[in-house]
Amino acid sequence: MSSTGWAWLVLLLPLLGSVSVALSFRAVPARVAGAVGTAAVGAAFLCAVAALLSLLGDDADSRHHASTLWTYAQAGGLEIDLGIYVDQLSVFMMLVVTGVSTLIHLYSFGYMKSDEGYHRFFSYLNFFVFSMLLLVLAGNFVLLIVGWAFVGFASYALISFWYRRTTATGAGMKAFVINVVGDIGLVLAAFLIVRELGSFDYETVFAKAPEVFSQGGWTVTAICLLLLVGAFAKSAQIPFHTWLPDAMEGPTPVSSLIHAATMVTAGVYLIARTNVLFYLAPTAADIAAFVGLATLLIAGTIAIAQTDLKRAIAYSTMSQIGYMIMGVSIGAYSAGLFHLMTHAFFKALLFMTAGSIISAMANRQDIDRMSGFWKAMRFTSIMFVIGGLALAAFPLTSGFFSKDSILSFAEARGGMYAWMAVGGYVGAFLTAIYTFRLIFRVLPGRPCEEAQHLIESGELYHGPPINPATEEEEDTDVGFPGAHHHIAEQSWPMAAAMAVLAFGALFAGLIQVPGVDNVLFGFLDPAFHDSPLAEIHPSVGAEWRGLAIGAVISVLGIALAWFLWVARPELPALFRERLRPVYLLCLNKWYFDEAIELLIVRPALAIGRFANDVFERRVVDGIVDGTKGAVGGAGGIVRVVQSGFVRTYALLLIAGFAGLALYFLVVAS
Amino acid sequence: MSIEWYIVLSSLLFATGAMGILLRRSPIVILLCLELMLNAGNLALVAFSRMVGNEEGQVFALVVMVVAACEVVVGLGLIVAIFRRKLPLDVDELTELRG
Amino acid sequence: MEAVLFFVAAIGALGGAIGVVAMRNPFYSVLALIVHLFSLAVLFLLLSSAFIAAAQVVVYAGAVMVLYVFVVAYVGSGDESAWEPLPGQRLLAPLLGAALFVELAIAVLASSLLALGSDGPEVGAGFGDPAAIGYLLLEKFLVPFEASSILLLLAAVGAIVLASRRREGGRA
């Protein structure tokens with residue numbers, strides 16, 4: 001079967017899984033539903049591998065195929081097909097998405113075990129995988145937008161999964177609304193594309209764009225800026241990032257799949273896919289790079305101050321995606337995608353370990369209460385350390401190679417981009433600090449109450465069920481979140497998934513060691529051969545120099561974290577006092593939520609109130625009531641004739657007859 | 001006498017009956033004026049039948065008489081029913097069917 | 001001769017009509033109508049319609065008027081009050097009546113139906129005979145004949161329903 005055939009199968013299997021799990025909700029026991037869901041995505045992964053092998057069978061220059069099932073719509077000279085585009089980029093994304101999704105499904109199989117919404121969870125999760133695959137496989141902008149919107153819906157459904165919590169539903173709505181803002185940008189961009197180029201189809205658009213648009217022209221810059229709006233909203237870059245920390249209200253597998261590994265990387269994929277357009281609009285590309293850099297640094301500073309474990313990791317995600325966005329904007333396409341893959345491994349792993357620790361803490365996420373888990377949960381702790389090392393780009397881990405491939409490209413491009421590389425190294429320092437802050441707060445030291453309970457009795461601590469965000473008690477009569485929690489040590493699916501990801505986090509970087517092997521870039525680079533930026537290759541020496549700098553920074557950061565939180569634990573409190581304004585700025589997330597509230601939410605509400613009071617009450621109601629009054633008044637006037645007096649009726653009758661006869665007489669004469 | 005005399009007389013009687021309906025208030029008298037109008041119609045019919053030369057108009061007049069008789073019967077029955085319920089026999093008082 | 005009879009009958013008819021309208025006591029109105037009906041019968045005879053004249057006297061003046069007399073006797077002859085609740089009615093009614101008469105008269109007199117000006121065609125001796133009417137009723141106008149008999153039945157039933165006393169304990 002051709003690669004496109006395998007690709008259609010990859011699309012079909014999660015969709016079937018989602019629908020069948022949803023429909024069999026009452027008939028089938030929970031474990032079977034979980035197995036079906038996991039198997040569907042696992043089979044999709046195998047088909048993706050088959051697609052890869054089939055694609056490798058073509059020679060390097062012709063590894064791109066489009067395939068259409070049928071014409072979706074045909075109107076006014078526009079033709080929109082249900083078509084996919086299979087090339088190195090989409091196969092790569094397919095593999096990452098299905099691979100990581102399979103592992104997370106496996107993890108959820110254990111983690112969500114006692115949750116009443118088990119069927120619903122797996123159905124939504126499968127639907128998400130289908131939507132993400134639709135997004136990366138789409139062969140035209142319309143299908144891309146469809147996949148984009150579906151992914152947004154799946155995110156909303158999964159964030160507000162425990163819908164009895166008002167915090168969860170509020171977070172879901174926030175995520176959805178900000179996503180819609182991005183969708184608007186994307187749709188407007190698609191409109192401009194079809195107006196200028198006459199087609200939605202990728203192959204046509206990317207072939208015609210250099211002919212129709214001049215370098216740096218207005219239209220193409222506008223298109224790219226609108227695409228960026230969509231990309232930033234989906235990938236949680238500033239200023240559209242406020243939804244991501246709140247999205248941690250969803251169950252941990254959701255956080256690890258959607259908000260770490262896959263959905264938030266959609267923006268990176270978009271920029272990489274439309275690289276032809278971005279090359280024609282260097283201004284937009286530079287803006288994207290700056291936004292990526294800014295997000296990278298700001299999110300890093302916020303992460304240092306956070307006390308909620310999942311939110312800290314969320315800000316870390318934001319920061320790492322800043323790296324990826326910066327990478328693909330300056331032309332380091334393959335490097336950005338390399339980091340996407342390694343980030344998927346170690347970030348998903350980090351979220352999984354966080355889930356395990358939170359389960360042991362009876363659903364509490366506050367790191368101020370956590371300590372001493374090294375003694376209580378050895379396996380989870382080791383996984384945590386491995387993920388942390390990869391995130392902090394410790395030498396020879398996967399994060400080490402991928403992060404520095406972006407930064408050495410930036411240096412090689414020179415000029416202002418070299419300064420961006422400096423910013424990237426500063427960000428790497430911050431990353432190492434905040435990552436190991438988490439590790440050194442949670443793992444070493446005297447075990448906290450929950451950890452002690454686990455060590456002594458081998459059973460999980462049972463606290464009253466609370467909402468971790470608001471610390472208020474909630475009733476779990478509805479069955480979710482489940483009254484029982486699961487940790488990796490006691491649940492083999494969770495442990496297996498984490499182990500596979502740990503392997504990837506440690507060794508996945510070895511496929512792209514500079515000067516030694518070129519597996520990934522050799523595969524991906526031909527997809528970007530149209531772009532002159534792909535010609536830039538840092539020399540092997542420059543790359544190793546970058547790797548050395550990165551190694552030093554990483555070790556320094558870990559050492560500083562050890563110093564501050566293990567050797568002299570009283571120091572951080574001192575810093576907080578001395579640098580109180582800075583601390584508050586970071587703790588309060590640089591006041592972005594408050595700014596949006598002030599600048600956008602309040603005026604919108606004011607407009608709404610105005611529209612209601614003036615327009616609705618006075619104008620619309622006035623018209624309606626006025627019409628009603630007029631009709632009623634007219635009726636009142638006419639009603640006078642119905643007096644009930646027979647003689648009046650007779651009078652009118654005879655008068656009418658007399659009048660009619662007169663008329664006929666006059667006419668006849 | 002030529003036929004038009006009869007027709008003019010018939011229209012005069014018709015107008016008189018119409019005026020009577022508009023002026024009188026007792027239901028019995030209104031019914032009587034209605035009889036006047038019907039009879040005026042009968043006169044016209046018979047006159048036209050004489051003018052045409054066949055008796056079809058007279059058959060028509062006969063049927064009108066039958067209808068008039070039925071209408072009188074029902075009308076007087078109504079009046080009796082009204083009287084029995086001790087309501088005033090005055091069309092200006094019986095005004096409940098109004099808007 | 002014929003003209004004299006015509007005018008006498010016409011004056012009788014007209015007088016009866018005005019009497020119906022003008023008399024205060026309904027009983028007197030009934031009597032005036034009887035006079036009017038008899039005058040009309042004479043007019044019918046003048047128009048060679050013997051059967052209709054007879055029917056007029058027997059059915060109309062005989063049966064229908066008797067019905068009226070009975071009801072007026074039962075109901076009593078209440079006089080009407082002089083006050084007119086409907087404004088303008090006393091003025092408009094004669095006006096409209098006059099207008100109606102004038103229009104109809106003009107319509108007749110200025111009509112292009114020339115036969116109106118004549119006495120009508122020569123008719124045989126059997127014109128207006130019961131036999132002629134009978135033939136028409138049973139041949140050409142059979143359906144209207146039967147229909148009117150059903151109508152009579154309906155009226156009779158209706159009258160009984162209307163005038164029946166309510167059962168004891170029924171609605172007022």
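**Loops, a hairpin and a helix pair**

User: In which loop of chain A is the place of L396(A)?

Analyst: The place of L396(A) is in the loop between α17 and α18 of chain A, where helices (H or I, at least four residues) and strands (E, at least two) are DSSP runs numbered from the N terminus. This is a predicted model, in which local features need pLDDT of at least 70 and side-chain atom pairs count only at pLDDT 80 or more, while totals for chains, interfaces and linings use all residues. Residues are numbered from 1 along each chain as its sequence is written, and chains are lettered from A and ligands numbered from 1 in the order in which they are written.

User: What makes L396(A) count as buried, exposed or partly exposed?

Analyst: A residue is buried if 20 or more other C-beta atoms, placed from the backbone, lie within 10 Å of its own, exposed if 12 or fewer, and partly exposed in between. L396(A) has 16 C-beta neighbours inside 10 Å, and therefore counts as partly exposed.

User: How do you know whether A393(A) is buried or exposed?

Analyst: With 30 other C-beta atoms within 10 Å, A393(A) is buried. A393(A) is found in the loop between α17 (378-391) and α18 (398-413) of chain A.

User: What is the phi of A393(A), a residue other than glycine?

Analyst: Phi of A393(A) is near 60°, a positive value, and phi of L396(A), again a residue other than glycine, is positive at near 80°. Most residues other than glycine have a negative phi, and most peptide bonds are trans. A cis peptide bond, with omega about -5°, joins I238(A) and P239(A), and P239(A) is found in the loop between α8 (218-234) and α9 (243-246) of chain A.

User: Why is strand β1 of chain A said to lie largely in the open?

Analyst: Strand β1 covers residues 64-75 of chain A, and because the number buried among its 12 residues is 0, the strand lies largely in the open.

User: What joins β1(A) to strand β2 of chain A?

Analyst: Two strands pair if DSSP finds at least two bridges between them, and 9 bridges join β1(A) to β2 (residues 78-87) of chain A, the two running antiparallel. A75(A) stands opposite L78(A) in β2(A). The two strands form a hairpin with 2 residues between them, and G76(A) in the turn has a positive phi of about 55°.

User: Why is α13(A) called roughly parallel to α19(A)?

Analyst: Helix α13 (residues 282-305) and helix α19 (residues 416-442) of chain A pack at an angle of about 25°, with their axes 9 Å apart. Axes are lines fitted to C-alpha atoms, for helices over the stretch in contact, and angles run from 0 to 180 degrees between N-to-C directions. Angles under 35 degrees count as roughly parallel, over 145 as roughly antiparallel, 65 to 115 as roughly perpendicular and the rest as oblique, so α13(A) is roughly parallel to α19(A). The residues making the contact include L293(A) and L297(A) of α13(A) and G423(A) and G427(A) of α19(A), where two residues are in contact if their C-beta atoms, placed from the backbone, lie within 7 Å.

User: What makes L135(A) count as buried or exposed?

Analyst: L135(A) has 27 C-beta neighbours inside 10 Å and therefore counts as buried. L135(A) is found in helix α4 (residues 118-137) of chain A, and, leaving aside its neighbours within four places in sequence, is in contact with L144(A), G147(A), W148(A), V151(A) and A266(A).
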